[in-house]
Amino acid sequence: MPVLLDGGVRRGTDVVKALALGARAVAIGRPVVWGLSVAGADGVAHVLALLRAELANALTLCGLGSAGQVPRDLVVTDGPAAAP
C-alpha cells in the first residue's frame, strides 16, 4: 500500500526524511496556502521554488542524484539515542 505524507512538511529535508521512511509522495499544504495568502499565484510559485531548491540541496548533501534514490537506511528509526 503506498504511503503518502500529508502535513508537517516545511522544508526540503522534511521531504527527504519522509521518503526515507517509506512515503511514496509528499503533499505540501500549508506553505502553499501561506504563499497564496501573501502574494497570490506568485507566492505559491515562490514557495514551491524554495522547497524544490531545499530538496535539491538536501539530496546533494546526502550524495543522492534524485528523490527516487533516497534509501530507507538514511534515517535511524530505533535504537539508543546518539550521544552528545
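Tutor: The model is predicted. Its chain has 2 helices and 2 strands.

Student: In what order do the elements of the chain run from the N terminus on?

Tutor: The order is β-α-β-α. The C-alpha trace spans about 45 × 30 × 25 Å along its principal axes. The chain has 84 residues, and 25% of them count as buried.

Student: What makes α1 "mostly covered"?

Tutor: Of the 9 residues of α1, 7 are buried. They are G12, D14, V15, V16, A18, L19 and A20.

Student: What do the buried residues of α1 pack against?

Tutor: They pack against both strands, β1 (3-6) and β2 (23-27), and against α2. After α1 comes G22, with a positive phi near 110 degrees.

Student: Why is D14 called buried?

Tutor: Buried means under 20% relative accessible area. D14 has 15%, so D14 is buried. This residue is found in helix α1.

Student: Which residues does D14 touch, leaving out those up to four places away in sequence?

Tutor: With those left out, D14 touches G8 and V9.

Student: How do you know that the side chain of D14 makes a polar contact with R10?

Tutor: A polar atom of the D14 side chain lies 2.8 Å from the backbone nitrogen of R10. The cut-off for a polar contact is a pair of N or O atoms within 3.5 Å. The distance of 2.8 Å is within that limit, so the pair counts.

Student: How are two packed helices described?

Tutor: Two numbers are used: the angle between the axes and the distance between them. For α1 (residues 12-20) and α2 (residues 30-61), the angle is about 55 degrees and the axes are 7 Å apart.

Student: Which residues meet where α1 packs on α2?

Tutor: From α1 they are G12, T13, V15 and V16, and from α2 they are L51, E54, L55, A58 and L59. Sorted by class, this contact has 6 nonpolar, 2 polar and 1 charged residues.

Student: How do you know that V47 is buried?

Tutor: The relative accessible area of V47 is 16%. V47 lies in helix α2.

Student: What is V47 in contact with, leaving aside neighbours within four places in sequence?

Tutor: V47 is in contact with P31, V32 and G35. As for W34, V47 is 13 residues away from it in sequence, and their C-alpha atoms are 8.5 Å apart.

Student: What makes V70 count as buried?

Tutor: V70 has 12% relative accessibility, and buried means under 20%, so V70 counts as buried. V70 is placed in the segment after α2.

Student: Which residues does V70 touch, not counting those up to four places away in sequence?

Tutor: V70 touches V16, L19, A20, L59 and L64. L50 is 20 residues from V70 along the chain, and the C-alpha atoms of the two are separated by 20 Å.

Conventions
Residues are numbered from 1 along each chain as its sequence is written. This is a predicted model: local features need pLDDT of at least 70, side-chain atom pairs count only at pLDDT 80 or more; totals for chains, interfaces and linings use all residues. Side-chain values use heavy atoms; hydrogens and water are left out. Axes are lines fitted to C-alpha atoms, for helices over the stretch in contact, and angles run from 0 to 180 degrees between N-to-C directions. Helices (H or I, at least four residues) and strands (E, at least two) are DSSP runs, numbered from the N terminus. Contact means heavy atoms within 4.5 Å. Ala, Val, Leu, Ile, Met, Phe, Trp, Tyr, Cys and Pro count as nonpolar, Asp, Glu, Lys and Arg as charged, and the others, Gly among them, as polar. Buried means under 20% relative accessible area, exposed over 50%, partly exposed in between (1.4 Å probe, protein chains only). A polar contact is a pair of N or O atoms within 3.5 Å; within protein, one must be able to donate a hydrogen and the other to accept it, and residues adjacent in sequence count only if both atoms are side-chain atoms.
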